[in-house]
Amino acid sequence: MSTHTEEDLRRDACRLVSAMRRSMRPGLRWYGVEDSIHGVPLLGLTDLDATQNEKPDASGLAGCLLHDVGTRLAHSARVARQVDRVRHLLDGRWKAVISDAAWLHDVGYSPRIACTGFHPLDGARWLRDRDWSDEICRLVAWHSAAGVEGALRGLDQELTVEFERPPEVATNALTWADLTSSPQGEPWSVGRRIDDILRRYPAESIEHRAIANAAPTLWHASRDIQSRLALETGVA
Ligand SMILES: [Fe+2]
């Protein structure tokens, strides 16, 4: 009798599909292939790949991938607006990409991309395989204390090996923007956002446990950005 669980099979399939996608580079695309392995799409987004002559910008890509995923697109738009308030805190290389990362930080929730079920890793891998910049992929991979959830899912090694951590201030800026944006795209306080996630997910779920475990890190990131903003305005 096989000792493999569905989760094991899906994880193996994810590794295989990721390796296949990497082996396709550069330039090769398997348009029209709709097969999947244990529910993991071989390509994902074949229609977008096949119809886009030019690479879409970040907001356009978020629109394509998230318009039918609950309120994720409205949330991502708010995160991009929040990031605009703090991007000046970053140095040039990170300042230039963080708005795009904000638009794209949750694309891993798209069913056309979702592979492991761990959205930061799924999103970052998909973007990497389509030549989005290293900085954007790293921000997507590590936003909002993703390492904590990655450890609970047994995917922290993949995250660490595949994506270097961005500078702390850059991760903190995106995390603060994510935590001050409601699921529907309204500006929220950090406390309200964390409480909302804890309420929405059952106590035994990975999502609930991840946020509970990550709360100190999330608060640290948010306070770091808020104190940098306060220093600028002279408000202690
Ligand atoms: Fe988010």
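Analyst: A residue counts as buried if 20 or more other C-beta atoms lie within 10 Å of its own, and as exposed if 12 or fewer do. The model is predicted.

User: Which residues of helix H12 (residues 190-200) are buried, and where do they lie around the helix axis?

Analyst: The buried residues of H12 are Val 190, Arg 193 and Ile 197. Seen down the axis, they fall within an arc of 65°, so they line one face of the helix. On the other side of H12, Gly 191 and Arg 199 are exposed. The buried set is thus Val 190, Arg 193 and Ile 197, on one face.

User: Which helices do the buried residues of H12 pack against?

Analyst: The residues concerned are Val 190, Arg 193 and Ile 197. Their packing partners are helix H11 (168-179) and helix H13 (206-233).

User: What is the relative orientation of helix H7 (residues 119-129) and helix H8 (residues 134-142)?

Analyst: The two helices pack at an angle of about 170°, with their axes 7 Å apart. Because angles over 145 degrees count as roughly antiparallel, H7 is roughly antiparallel to H8.

User: Which residues of H8 make the contact with H7?

Analyst: The crossing of H7 and H8 is right-handed. From H7, the contact involves Pro 120, Leu 121, Gly 123, Ala 124, Leu 127 and Arg 128. From H8, the residues are Ile 136, Cys 137, Val 140, Ala 141 and Trp 142.

User: Which residues touch the most other members of the largest nonpolar core?

Analyst: This core has 51 residues. Leu 104 touches residues that include Leu 127, Ile 136 and Val 140, leaving aside those up to four places away in sequence. The residues touching the most other members are Ile 98, Leu 104 and Ala 173.

Key: Residues are numbered from 1 along each chain as its sequence is written. This is a predicted model: local features need pLDDT of at least 70, side-chain atom pairs count only at pLDDT 80 or more; totals for chains, interfaces and linings use all residues. A nonpolar core is a set of buried Ala, Val, Leu, Ile, Met, Phe, Trp, Tyr and Cys residues joined through C-beta atoms within 7 Å. Two residues are in contact if their C-beta atoms, placed from the backbone, lie within 7 Å. Helices (H or I, at least four residues) and strands (E, at least two) are DSSP runs, numbered from the N terminus. The arc is that of the directions from the helix axis to the C-beta atoms. Axes are lines fitted to C-alpha atoms, for helices over the stretch in contact, and angles run from 0 to 180 degrees between N-to-C directions. Angles under 35 degrees count as roughly parallel, over 145 as roughly antiparallel, 65 to 115 as roughly perpendicular and the rest as oblique. A crossing is left-handed if the near helix is turned anticlockwise from the far one by less than a right angle, and right-handed if clockwise.
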